[in-house]
Amino acid sequence: MKNIDLDMTQGIKRIIELLSKYNVKIAEDDPLLFLYIDLVTNDIKDICNISVLPQKLEPVIVMRVVGSILEQKKYAAINSSEEMGPVKSQSMGDTSITFGETDFKLKDEVDRLKNYGMNTILSCRRLKW
């Protein structure tokens with residue numbers, strides 16, 4: 001069984017490509033990228049009870065890293081002064097606030113990406129004795 005290469009060169013390219021589809025730009029040497037790769041990889045290793053990940057888990061890592069970075073960027077945008085969050089419109093008299101639907105769609109997409117491939121992960125799981 002082939003194992004994932006340590007630096008995930010192909011995986012990093014896929015992550016950057018997928019993030020660009022969501023209009024998120026990230027550099028290949030961004031520390032945030034490597035942080036999320038390490039976090040996701042370690043989570044999967046803990047779930048599987050293994051120390052070396054098989055090659056078939058690389059797409060799972062890619063999708064989960066994309067979801068984690070999108071979630072981080074979304075919360076950063078909500079808390080920034082440029083964008084005040086998912087509010088679509090608001091009124092002062094009689095207080096009316098309307099929330100945009102795109103935020104809920106993005107949240108669903110982020111959740112789907114962050115939880116991607118659980119069946120694949122479980123198929124690689126080893127029991128602890």
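Which residues are buried in H1? In this predicted model, where residues are numbered from 1 along each chain as its sequence is written, the answer is Gly-11, Ile-12, Ile-15, Ile-16 and Leu-19. Here, buried means under 20% relative accessible area, exposed means over 50%, and partly exposed covers what lies in between, with a 1.4 Å probe and protein chains only. These H1 residues cover an arc of only 135 degrees around the axis, which puts them on the same side of H1; the arc is that of the directions from the helix axis to the C-beta atoms. Because the model is predicted, local features need pLDDT of at least 70 and side-chain atom pairs count only at pLDDT 80 or more, while totals for chains, interfaces and linings use all residues, and side-chain values use heavy atoms, with hydrogens and water left out.

The secondary structure comes to five helices and two strands, arranged as α-α-α-β-β-α-α from the N terminus on. Helices (H or I, at least four residues) and strands (E, at least two) are DSSP runs, numbered from the N terminus. Of the 129 residues in the chain, 33% are buried.

With 13 residues, H1 reaches 19 Å from its first C-alpha to its last, close to the 18 Å expected at 1.5 Å a residue; the expected span is 1.5 Å times one less than the number of residues. H1 is followed by Asn-23, whose phi is positive, near 60 degrees. Most residues other than glycine have a negative phi. Asn-23 lies in the loop between H1 and H2 and is exposed, with a relative accessible area of 66%.

Further along, Glu-28 is also found in the loop between helix H1 (9-21) and helix H2 (31-48). The C-alpha atom of Glu-28 is separated by 7.7 Å from that of Lys-13, and the two residues are 15 residues apart along the chain. Leaving aside neighbours within four places in sequence, Glu-28 is in contact with Ile-12, Ile-16, Leu-33 and Phe-34. Ile-12 and Ile-16 are among the buried residues of H1, and Leu-33 is one of those buried in H2.

How does H2 begin, and what is on its two sides? At the start of H2, a side-chain oxygen of Asp-30 reaches to within 2.8 Å of the backbone nitrogen of Leu-32. The 18 residues of H2 should span 26 Å at 1.5 Å a residue, and the end C-alpha atoms are 26 Å apart, which agrees. Leu-32, Leu-33, Tyr-36, Ile-37, Val-40, Thr-41, Ile-44 and Cys-48 are buried in H2. They cover an arc of only 160 degrees around the axis, which puts them on the same side of H2. Thr-41 is buried, with a relative accessible area of 13%, and is in contact with Leu-53 and Ile-61, leaving aside neighbours within four places in sequence. Tyr-36 and Val-40 are touched by Ser-68, as is Lys-114, not counting residues up to four places away in sequence. Ser-68 is found in helix H3 (residues 58-79) and, at 10% relative accessibility, counts as buried.

H2 is followed by Asn-49, whose phi is positive, near 60 degrees. Asn-49 is found in the loop between H2 and H3 and is partly exposed, with a relative accessible area of 23%.

The cysteines complete the picture. The structure holds zero disulfides, a disulfide being a pair of cysteine sulfur atoms within 2.5 Å. The sulfur of Cys-48 is 5.4 Å from the closest cysteine sulfur, in Cys-124, too far for a bond. Cys-48 is buried, with a relative accessible area of 0%, and Cys-124 counts as buried at 5% relative accessibility.

Conventions
Contact = heavy atoms within 4.5 Å. Polar contact = N/O pair within 3.5 Å; in protein donor to acceptor, adjacent residues only side chain to side chain.
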